[in-house]
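Subject: Structure handover

Hello,

Here is the structure I promised to pass on. Please load it before reading further, and keep it open beside this message.

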Amino acid sequence: MVLQAEEGRLIAPSARVLVATAVPAERDAVARTFPGEVIAVGVGPARAAAGTATALTKAPYDLVVSAGIGGGFAPHAPVGTLVVADEITAADLGAQTPDGFLPVTDLGFGTVTHLPPAALVRQAADATGARTGAVLTVSTVTGTAERADELRRRHPTALAEAMEGFGVAEAAALHGVPVLEVRAVSNPVGPRDRAAWRIGEALQALAEGFGKLAPVLESWKTV
Ligand SMILES: O=C(O)c1cccc(C(=O)CC[C@H]2O[C@@H](n3cnc4c(=O)[nH]cnc43)[C@H](O)[C@@H]2O)c1
């Protein structure tokens, strides 16, 4: 590790951290309290993967963070809760069969889960008071109680769902960079009620969370 001199002391340089959100409102909420690089890559796993991969080809990073608002699974992740993913799982990447859903890995392809570094997950949760659990990536926002129950059954540790984490994680993995996902809950996962989404409350929780997370992220190193 290269050390920098500051006022006669040797200090480790800050980790280079890239935070990827879906939309500009999320980017601006994170940027209010986090001084590192924050980009809005678009909604959904494909845009997230493409945008993150493009950023990673332009500059080196030590860590990539997928961040934004998300749906929370009741009763463990109510609106306003901050969730740090200990597992980032693509919940709808696979095949439907008469006997149920098969993840793409059961078909002999790719991966459906990325694991953020456990020590970083713990430090992030300790610093922010966030809950830790699986964050699911979906291409279709859950809109019925039946679908929410199916996801709960298939992913018993899931706390939240969103639409970008797995795409960000795939891009990070291709570049050999560790990944983290942080979500502030704006709505319950379940029957669609867009008017009930508490976006302002979630963006505030996201900003406050990143203020507490900043020293953890900046001091985090794999070596
Ligand atoms: O309308 C606004 O002002 C506004 C401000 C910030 C964000 C939004 C979004 O619509 C963000 C979409 C983004 O949110 C994630 N999300 C939120 N809830 C869920 C959910 O229940 N299931 C899946 N994804 C959810 C998702 O990552 C979207 O990209 C609007």
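Below are my notes, starting with the pocket and ending with some single residues. Please bear in mind that this is a predicted model.

The largest pocket has a volume of about 300 Å³. Its lining comprises 20 residues, and E26, I69, G70, M163 and W197 are the closest to the centre. By type, the lining splits into twelve nonpolar, four polar and four charged residues.

Which elements supply at least two residues each of that lining? There are two helices among them, α1 (24-33) and α6 (199-219). The strands are β5 (63-72), β11 (158-162) and β12 (179-188).

**Helix α1**

Next, the helix that carries residues 24-33. E26, A29 and V30 are buried in α1. They sit on the same side of the helix, because they cover an arc of only 95° around the axis.

What do the buried residues of α1 pack against? The partners are β3 (17-21), β4 (37-40), β5, β12 and α6. Of these, β5, β12 and α6 also each give at least two residues to the lining of the largest pocket.

**The annotated domain**

An unreviewed UniProt entry carries the annotation "domain: Nucleoside phosphorylase" for residues 40-204. In the model, the chain over that range is 31% helix and 32% strand. The end C-alpha atoms of the range are 17 Å apart.

**The loop between β5 and β6**

Two residues here deserve a look. P75 is found in the loop between β5 and β6 (82-90). A cis peptide bond joins A74 to P75, with omega at about 0°.

Is T81 buried or exposed? It is buried, because its relative accessible area is 10%, and the cut-off for buried is under 20%. Beyond its neighbours within four places in sequence, T81 is in contact with R131, R183, A184 and V185. T81 and G167 are 86 residues apart along the chain, and their C-alpha atoms are separated by 23 Å.

**V138**

V138 is in the loop between β10 (131-137) and α4 (145-154). It counts as buried, because its relative accessibility is 1%. Its contacts are P45, A91, D92, E161, A162 and M163, leaving out residues up to four places away in sequence. V138 and E150 are twelve residues apart in sequence, with 13 Å from C-alpha to C-alpha.

E170 is in helix α5 (residues 165-174). How far is E170 from P45 in space, and how far in sequence? The two are 9.2 Å apart, C-alpha to C-alpha, and 125 residues apart in sequence. E170 touches T111 and H114, not counting residues up to four places away in sequence. E170 is partly exposed, because its relative accessible area is 28%.

A196 belongs to the loop between β12 and α6. It is partly exposed as well, with a relative accessible area of 27%. The C-alpha atoms of A196 and S186 are separated by 8.7 Å, and the two residues are ten apart along the chain.

Best regards

Key. Residues are numbered from 1 along each chain as its sequence is written. This is a predicted model: local features need pLDDT of at least 70, side-chain atom pairs count only at pLDDT 80 or more; totals for chains, interfaces and linings use all residues. Side-chain values use heavy atoms; hydrogens and water are left out. On a 1 Å grid over the protein atoms alone, a cavity is a set of points where a 1.4 Å probe fits but cannot get out, and a pocket is an open set with protein on both sides within 12 Å along at least five of seven lines; lining residues have an atom within 4 Å of a point. Grid points are joined across faces, edges and corners, and a volume is the space filled by probe spheres set on the points. Helices (H or I, at least four residues) and strands (E, at least two) are DSSP runs, numbered from the N terminus. Ala, Val, Leu, Ile, Met, Phe, Trp, Tyr, Cys and Pro count as nonpolar, Asp, Glu, Lys and Arg as charged, and the others, Gly among them, as polar. Buried means under 20% relative accessible area, exposed over 50%, partly exposed in between (1.4 Å probe, protein chains only). The arc is that of the directions from the helix axis to the C-beta atoms. Contact means heavy atoms within 4.5 Å. UniProt positions are given in the numbering used here, feature names are shortened, and annotations may be inferred rather than shown by experiment.
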